[in-house]
Amino acid sequence: MLKRVRISVLLLICIIITSMFCTCASTNVLQQSIVGPGVVEETKEVVPLVGTQVIEVATESKIYIHDGIAYVKGEDKGKFSLSGYCACNKCGSGTGITASGKPVREAHTIASDWKVLPKGTVIILENAVGKDGQIYDGVYVVEDRGGGVKNNHLDIYRPTHELASMVTHYGRAYGNVYIAEEYRPVTATNSNIEN
Ligand SMILES: [Zn+2]
């Protein structure tokens with residue numbers, strides 16, 4: 001009798017230990033799938049155009065990923081008027097090759113006044129809504145210029161003439177321009193920052 005009680009008590013302890021172990025194991029798996037090794041937690045992704053991935057870290061703090069490079073907003077260059085152009089011979093040379101020698105690219109190529117934003121400048125465009133309702137926010141690179149593009153004016157490359165004309169659509173469109181600075185999430189000392 002005493003032996004039988006001992007066995008059942010042992011069995012009960014075994015069941016309790018096993019169930020505890022199982023609970024712990026499943027909890028661990030769940031935690032691993034939620035908490036990843038990423039630097040940024042609880043990110044919200046917003047994708048306005050094809051060319052730029054935007055990660056909203058917190059209010060007023062966004063990381064813009066373009067061509068695999070992460071950028072944050074740098075110097076505020078102010079409000080720019082926006083227009084669109086395409087690779088047709090009405091809009092320009094008709095070759096699809098920009099003044100910098102690079103081919104036009106959607107959600108990437110912009111023309112500017114090179115005295116205001118020089119060739120190669122990477123910018124972040126914000127609060128930029130065309131008259132067609134399209135949001136043009138994102139990262140762009142100055143690779144082109146144009147006779148009609150003077151002062152605070154950006155001409156955004158669009159893949160068709162119709163889409164290009166829809167940026168302004170006989171009205172005026174504006175956006176805020178910031179210099180894009182490469183985002184360096186790792187704390188670095190002055191000696192290992194490459195200039
Ligand atoms: Zn055109």
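1. Among contacts in the protein chain between residues at least 6 apart in sequence, 73% join residues at least 24 apart, a contact being two residues whose C-beta atoms, placed from the backbone, lie within 7 Å. The model is predicted, with local features needing pLDDT of at least 70 and side-chain atom pairs counting only at pLDDT 80 or more, while totals for chains, interfaces and linings use all residues. Residues are numbered from 1 along each chain as its sequence is written.

2. The protein chain has 2 helices and 9 strands, in the order α-β-β-β-β-β-β-β-β-α-β along the sequence; helices (H or I, at least four residues) and strands (E, at least two) are DSSP runs numbered from the N terminus.

3. Strand 7 is largely enclosed by the rest of the structure, because 7 of its 7 residues are buried, that is, 20 or more other C-beta atoms lie within 10 Å of their own, with C-beta atoms placed from the backbone (12 or fewer would be exposed, in between partly exposed). Strand 7 pairs with strand 5 in the parallel sense over 3 bridges, and 4 bridges join strand 7 to strand 6, which runs antiparallel to it; pairing requires at least two DSSP bridges. Valine 142 of strand 7 is the bridge partner of isoleucine 110, and glycine 138 of strand 7 that of leucine 125.

4. Of the 30 residues in the largest nonpolar core, those touching the most other members are Leu82, Ile110, Ile123, Ile124, Leu125 and Ile156; such a core is a set of buried Ala, Val, Leu, Ile, Met, Phe, Trp, Tyr and Cys residues joined through C-beta atoms within 7 Å.
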